[in-house]
Amino acid sequence: MSVAIVMGSSSDASIMDDAVQTLRSLGVPVEVRVISAHRTPDDAIEFARTAADRGVQVLIAAAGGAAHLAGVLAAATPLPVIGVPVALANLGGLDSLLAMVQMPKGVPVATVAVNGARNAALLAVRILALSDERLAGEQDRFRRELADQVHTMDAEVQARYAD
């Protein structure tokens with residue numbers, strides 16, 4: 001069981017580091033690659049077609065601009081694909097977001113927020129946890145930690161504004 005993170009350019013690595021670290025912190029093996037939907041389309045299709053044979057169960061695809069990588073991968077594999085639109089200098093990532101969420105019928109790509117690498121990793125974990133009790137426990141632990149953080153913030157704010 002693993003997750004593959006594919007990015008269209010090495011410049012996307014700074015965004016995707018959060019996904020890699022999140023998955024590793026939860027004990028999920030990660031395969032990370034740079035494959036371009038436009039400059040190496042044959043590689044992208046081959047990667048998607050053979051991912052399941054390598055034990056990959058979820059693909060996360062990050063791309064900016066035209067952002068076709070997630071759709072190309074989804075067209076070539078039955079595995080779930082999660083798209084991470086990457087913000088570029090122009091349009092603040094809106095172009096990437098719209099490209100990813102406009103997949104044609106029959107080629108689904110789950111898309112998270114612009115630069116939302118951490119949520120992509122957490123969505124992949126939720127998918128994997130459906131059939132992995134250890135990972136389901138890790139997910140529950142993570143969610144409890146988030147709740148504890150909010151409770152701590154709540155107590156701090158209440159103390160700050162107490163009469």
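**Close-up views of a predicted model**

**Figure 1. The N-terminal end of H6 is capped by aspartate 132.** In this predicted model, a side-chain oxygen of aspartate 132 lies 3.0 Å from the backbone nitrogen of arginine 134. Aspartate 132 belongs to the loop between H5 and H6. Along the chain, aspartate 132 and methionine 1 are 131 residues apart, while their C-alpha atoms are separated by 9.4 Å.

**Figure 2. Helix H6 covers residues 133–160.** The helix has 28 residues. From its first C-alpha to its last, H6 reaches 41 Å, which is close to the 40 Å expected at 1.5 Å a residue. Which residues of H6 are buried? They are Leu135, Gln139 and Phe142. These buried residues pack against helix H5, residues 117–129.

Figure 3. The crossing of H1 and H5 is right-handed. On the H1 side, the residues in the contact are Ile15, Met16, Asp18, Ala19, Thr22 and Leu23. On the H5 side, they are Ala117, Arg118, Ala121, Leu122 and Val125. By class, this contact of H1 with H5 has eight nonpolar residues, one polar residue and two charged residues.

Figure 4. Read along the sequence, the elements follow the pattern β-α-β-α-β-α-β-α-β-α-α. The C-alpha trace spans about 65 × 40 × 30 Å along its principal axes. How many of the 163 residues count as buried? The share is 40%. Among contacts between residues at least 6 apart in sequence, 68% join residues at least 24 apart.

Terms used:
Residues numbered from 1 in each chain as written. Predicted model: local features only at pLDDT ≥ 70, side-chain atom pairs only at ≥ 80, totals over all residues. Heavy atoms only, no water. Helix = DSSP H or I, 4+ residues; strand = E, 2+ residues; numbered from the N terminus. Expected span 1.5 Å × (residues − 1). Buried < 20%, exposed > 50% of the residue type's maximum accessible area, 1.4 Å probe, protein only. Contact = heavy atoms within 4.5 Å. Polar contact = N/O pair within 3.5 Å; in protein donor to acceptor, adjacent residues only side chain to side chain. Left-handed = near helix turned anticlockwise from the far one by under 90°. Nonpolar A, V, L, I, M, F, W, Y, C, P; charged D, E, K, R; others polar.
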